[in-house]
Amino acid sequence: MGYVTTVVIGAGQTGLAMSYELTARGIEHIVLERGQIANSWRKDRWDSLRLLTPNWQSRLPGGAYSGNDPHGFADMPQLIARLDAYAAAHAMPVRTGIEVLSVTPGPSGYRVHTQFGPIDCRNVVVASGACARPSVPGLAAGLPRDLPAFTTFDYKRPSDLPEGGVLVVGGSATGLQLARELRRSGRPVVLSVGEHVRAPRTYRGRDVQWWMDASGLMDTGFDEVNDLARVRGLPSLQLAGGPDALDLNTLQADGVEIVGRLSMIRDGKALFSGGLRNHCALADLKLDRMLDGFDAWAETNGIADTLPQGQRPGATVLTETPRLGLDLTSGEVRSVLWATGYRPDHGFLKLPVFDRRGRLMHDGGIVMGAPGIYAMGLPFMRRRKSTLIDGAGDDARDLANHMQRCLSGARAA
């Protein structure tokens, strides 16, 4: 298929943001997408999903939100339409229906192998994101064979699951949203929760995302934190795309039973950690610290008096003795839903770029061990907001600048 200076793999928000920045610098490139633009948003999300960030925060380079509902939350059709329009408005060189089979060393730097033949290039940008595959713990192998289990890629709506009770495993945004949806569909729901991060939807009259953006928290750089590996592994905020609060208290009010982290499945029984109360106390403490930080920022910047007084969410309230076991063969639950996070899929990179645990080694998105390879959309990649739509533009700008400097140096040499 010839030669091009740069191949971008993936036409979601990160790949499109990179295309914009490369075009602005006159760097020849194409964007390869195995499906359609925004393919993961089209194919791998459940029907009721809305973005956790308000519309005003869906900022892409050269493509700020211009609709009439800046404080609303986009559903999937709206987001897909927005990304389609963004690519069309900037005439981005997206080639859909082309799957990247592998990336290997090549005569010009790298060779990108597709079902239509190879493409030689100097640079590759891996913009397939952090959520290419659901992450399911190894203990799932202990489930009874006749108990149906689903991932968040399998699940689209409550009717996809058998009638009856559901064990939802995972205490981040996805787990809480789906536990609530399943409970409101009439099913008994048990939600297994480990470490989690609470957040209010609004505080002192402003959305929590406004606070995080305005205070600079979302712009915290990867080189500004002490334990980067820990921060990159933190769960997502317990939020939903809408005005309502979502936490363990609101779920229990809906009738969801909360249990501790799933620690083992043995002889058909799910065993839960006894540390639920400690996990909740820690989440409550971190929530208060975050809101203290917001208050201090408002005082320092002279806007505290313009905002209403803050009403903080109450502490997490649990039953006296959350149960520690559940017989999965009793019929109490008829299915299991794994809401245990996601992971990237970089297996097509046939290059020495992985650590002993199979994780891509990179320094703020500049892949180590393979000059000219870049990544986009990974957790806290360059900033706290790197996985958000709002983070794609800043990261793409930084990496495109780095690429431009390297290409200029190569030409000068």
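Modeller: First, the terms. A strand is a DSSP run of E, at least two residues long, numbered from the N terminus. Two strands pair if DSSP finds at least two bridges between them. This is a predicted model, so local features need pLDDT of at least 70 and side-chain atom pairs 80 or more, while totals for chains, interfaces and linings use all residues. Residues are numbered from 1 along each chain as its sequence is written, and side-chain values use heavy atoms, without hydrogens and water.

Biologist: Which residue in β10 stands opposite valine 168?

Modeller: β9 covers residues 165-169, and β10 covers residues 189-192. The two pair in the parallel sense over 4 bridges. Opposite valine 168 stands leucine 191.

Biologist: Which residue in the turn of the β16 and β17 hairpin has a positive phi?

Modeller: β16 (residues 262-266) runs antiparallel to β17, joined by 4 bridges. Leucine 262 faces phenylalanine 272 across that pair. The hairpin has 2 residues between its strands, and the one with a phi of about 55 degrees is aspartate 267.

Biologist: Which residue in β18 stands opposite lysine 269?

Modeller: β17 also pairs with β18 (residues 325-327). Those strands run antiparallel, with 3 bridges. Opposite lysine 269 stands aspartate 327.
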